[in-house]
Amino acid sequence: GIVPLRARGVGQVAQSAKKGEDSTPQRRTSPSFLPAEMGRGGEAASSTVGAAAPEWDVIVVGAGVAGASLAYALGKEGRKVLLLERDMSEPIRIVGELLQPGGYLKLKELGLEWTVDGIDAQKVYGYAMYKDGGEAVVGYPLKGRGDDVAGRSFHNGRFVMRLREAAKSVETNDVRQATVKKLLAVDGSEWSEGKTIGGVAATIGDVDHAFMAPLTVVCDGYFSAFRKKLTPSATPVSPSTFVGILLDGDPNELLPRPGHGHVVLGDPSPVLFYPISSKEVRCLVDIPAHVKMPSVASGAMAEYVLTKIVPQVPEKLRAPLIRAVEGGQFKSMMNKTMPAQPKRTPGAVLIGDAFNMRHPLTGGGMTVAFSDVVTMKSMLSPLPTFKDTAAVRERMDAFYAHRTAPALTINTLANALYKVFCASGDSSMEEMRRACFEYLRLRGALFAG
């Protein structure tokens, strides 16, 4: 149906795009229809495909963790931000469920710490690690920090919806559900190498639109549609797949170490447990790329977990894990790693998982994303406008330089620890794995005592 458009001073109507609705064979281009998914204060006019004057300071493609927080940060500085997201419904994912304390501090820097409230998020104070019956407990170095500073674990979708709520709350922001199809040059034609990007072409329902801005930030995530166009050399690698299982029950009763993430250094690779609400614990079973993926439909996955994984986890977790497996609910997610490979494209920049990925074993992805948002906001802040392409390029060079050290540290740790924590037929690698565990056990004891 149609509903009144909620932009100020406009008597137009908006046609909401219904999920799963068939498009009409003939696609229309019209400035008379806008989506219902608008934030307060969105600009009134939409452009038909073709050259048009920029209506926004910046277009953000993708309203996930990076995109929604960036839209909020830039909007709070008075920028006119258009945030476009393909699907505004709550995401359902099995990764992006643990925010490290460093990520929470960056969230506070952005004024977004409230987004972890009201979603039944659980505080996390460190890790408990298990190998061959031994336990190593390592707490986060939080001494001297405020009581609120800790890791947070939660349902990813709930957190993303809070970030979108934040983006919509900014008066100068315009948040729309739209599928971005193409990058556009400043003259409105389809962008190609050598041109300056001036906006995007997107569809809302069955209507084509051209949205123009001097800066486009692409953060459309893990499955980025524009990564190859903006960084042709970027090639994600998949070292493993996470299989997610949900254990029902109070985490304080289910977990050997409440308030901690749990890492089992199993064979062939790590198994993770952590709370995602006051009533649920997530289990992630890592299946390395060299291991044939068991079939869920045939029952092979349940058999794999019951016979291979259950005997390796702490005894307290075995019965809850067996009950969860017998429930038959499995969700899988292929893990990907991809180093950042900045390629300067006038008028556009990539951030988030579209730009850089690391193994999710250490839960560092959202920390990198929020750190990048803080850095990008800081680098762009001195510019009165984004219309000076050379000035924006200079600030983006500074962004890449400033982000390198923190991102590289998190990425290297994540990828290296995954390799060390996997079982290996190589005796030297097994010795390294054992030594790493013993070191962490000793370090945890020193911190505790």
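This tour visits a sheet and then a pair of packed helices in a predicted model.

**The sheet**

Begin by selecting the open sheet of 7 strands, whose order is β10-β9-β18-β19-β20-β17-β21. The pairing within this sheet is mixed. Next, colour β10 (134-139) and β21 (331-337), which stand at the edges. Each of these two has a single partner strand, so one side of each is left without a neighbour in the sheet. Viewed across the sheet, the twist from one strand to the next averages 25 degrees.

Now select β9 (residues 126-131) together with β10; the two strands pair in the antiparallel sense over 6 bridges. Within this pair, tyrosine 127 stands opposite valine 138 in β10.

Move on to helix α8 (residues 365-380) and helix α9 (residues 389-421), which pack at an angle of about 160 degrees with their axes 9 Å apart. That angle makes α8 roughly antiparallel to α9. The crossing of the two helices, α8 and α9, is right-handed.

To inspect the contact, show the side chains on both helices. On α8, select Thr367, Val368, Ser371, Asp372, Thr375, Met376, Met379 and Leu380. These meet Arg395, Met396, Ala398, Phe399, His402, Arg403, Pro406, Ala407, Ile410 and Asn411 in α9. Coloured by class, the residues of the contact of α8 with α9 divide into 10 nonpolar, 5 polar and 3 charged.

Definitions and conventions. Residues numbered from 1 in each chain as written. Predicted model: local features only at pLDDT ≥ 70, side-chain atom pairs only at ≥ 80, totals over all residues. Heavy atoms only, no water. Axes fitted to C-alpha atoms, helices over the stretch in contact; angles between N-to-C directions. Helix = DSSP H or I, 4+ residues; strand = E, 2+ residues; numbered from the N terminus. Parallel < 35°, antiparallel > 145°, perpendicular 65-115°, else oblique. Left-handed = near helix turned anticlockwise from the far one by under 90°. Contact = heavy atoms within 4.5 Å. Nonpolar A, V, L, I, M, F, W, Y, C, P; charged D, E, K, R; others polar. Pairing = 2+ DSSP bridges.
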